[in-house]
Amino acid sequence: MDGNAITDSVIRVRGLMTAFGTQVVHDGLDLDVRRGEILGVVGGSGTGKSVLLKAITGLVHPVAGTIEIDGVDQSDADSGAAMRSKRDWGVLFQDGALFTSLTVGQNIQVPMREHFHLSQNLMDDLALSKIAMVGLPLDAASKFPSDLSGGMRKRAALARSLALDPHILFLDEPTAGLDPIGAHAFDQLIAELKDSLDLTVFLVTHDLDTLVGVCDRIAVLGNKRILINAPLEDVARFDHPWVQDYFNGPRGRAAGSARA
Ligand SMILES: Nc1ncnc2c1ncn2[C@@H]1O[C@H](COP(=O)(O)OP(=O)(O)OP(=O)(O)O)[C@@H](O)[C@H]1O
């Protein structure tokens, strides 16, 4: 941690411990995500980036520690306040996780049905507005995920994660599997949505171009905790072998100079 007092954390994790059987994934992990930022979460393979995302969103139960979202302790997941705060975030999983037997429009309506009683007409209109928001043609609403390209499927999954007008977005490797042009376009979309919808974004990625291009801060996971959470310039100077290899190796330098 950088030691500065953080006054406007949307997500505040303290002393997090997660484990699967005897395998401890996080131990004493602290993390703050500030309102309105895109936080890129990086770390070697298997360091626990996805598990951290799942712990924060309630899909993995911590062994110890506290997770607050908008000041609401998530450990009491069934409390009314925790249930309400769940409506305030959207999650885009690595594989998109769209229901293959539902159209894109129906997929987007799944969270709406779970949380609200809305008329079908209203849900149809809302689904179309989300589809437009992510830059898909409106006729995508009636298509099945298998009718779409990989990039379009990602956008459809993003539209679903925006279904409840969240103010926090969790993205797990959103550009994985996209070609460089598609990945760049998706990065731009995330940055535009962040600005237009006032989002706070927790973004797990291996993509150096994404980190350099759209992230306000970068949190590095290693040794079961956050090693540093700071702007790119500071992270790139951080004295740690993995960080130096990653940010100052040939690919890191290429991503940095492409931006300069
Ligand atoms: N449901 C589970 N049951 C048992 N072990 C798990 C489970 N989910 C994750 N793990 C283990 O937790 C560790 C962290 O996994 P995680 O998926 O968070 O890594 P990651 O940092 O996201 O990796 P990658 O960059 O390769 O996607 C791994 O050793 C993984 O095998």
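User: What makes E1 and E2 a hairpin?

Analyst: In this predicted model, E1 and E2 form a hairpin with two residues between them. Strand E1 covers residues 9–20 and strand E2 residues 23–34; strands here are DSSP runs of E with at least two residues, and helices are runs of H or I with at least four, numbered from the N terminus. Gly21 in the turn has a positive phi of about 60°. Residues are numbered from 1 along each chain as its sequence is written. Local features need pLDDT of at least 70, side-chain atom pairs count only at pLDDT 80 or more, and totals for chains, interfaces and linings use all residues.

User: How do you know that E1 and E2 pair?

Analyst: Two strands pair if DSSP finds at least two bridges between them. E1 and E2 have nine, in the antiparallel sense, so they meet that definition. Ser9 stands opposite Arg34 in E2.

User: Why are E6 and E10 called edge strands of the sheet?

Analyst: The open sheet has six strands in the order E6-E7-E8-E3-E9-E10, with mixed pairing. Strand E6 (89–92) and strand E10 (225–230) each have a single partner strand, so one side of each is left without a neighbour in the sheet. E6 pairs with E7 in the parallel sense over four bridges, and Leu92 stands opposite Leu171 in E7.

User: Why is Glu173 called partly exposed?

Analyst: Glu173 has 19 other C-beta atoms within 10 Å, so it is partly exposed. Its loop runs between E7 and helix H6 (180–197).

User: What is noted about phi in Asp165 and Glu173?

Analyst: Phi of Asp165 is near 50°, and Glu173 has a positive phi of about 45° although it is not a glycine. Most residues other than glycine have a negative phi.

User: How many residues of the shell around the ligand are nonpolar, polar and charged?

Analyst: Three are nonpolar, six polar and one charged. Ala, Val, Leu, Ile, Met, Phe, Trp, Tyr, Cys and Pro count as nonpolar, Asp, Glu, Lys and Arg as charged, and the others, Gly among them, as polar. Phe20, Val25 and Lys49 are among the residues surrounding the ligand.

How values were computed: A residue is near a molecule or strand if its C-beta atom, placed from the backbone, lies within 6 Å of it. A residue is buried if 20 or more other C-beta atoms lie within 10 Å of its own, exposed if 12 or fewer, and partly exposed in between; C-beta atoms are placed from the backbone.
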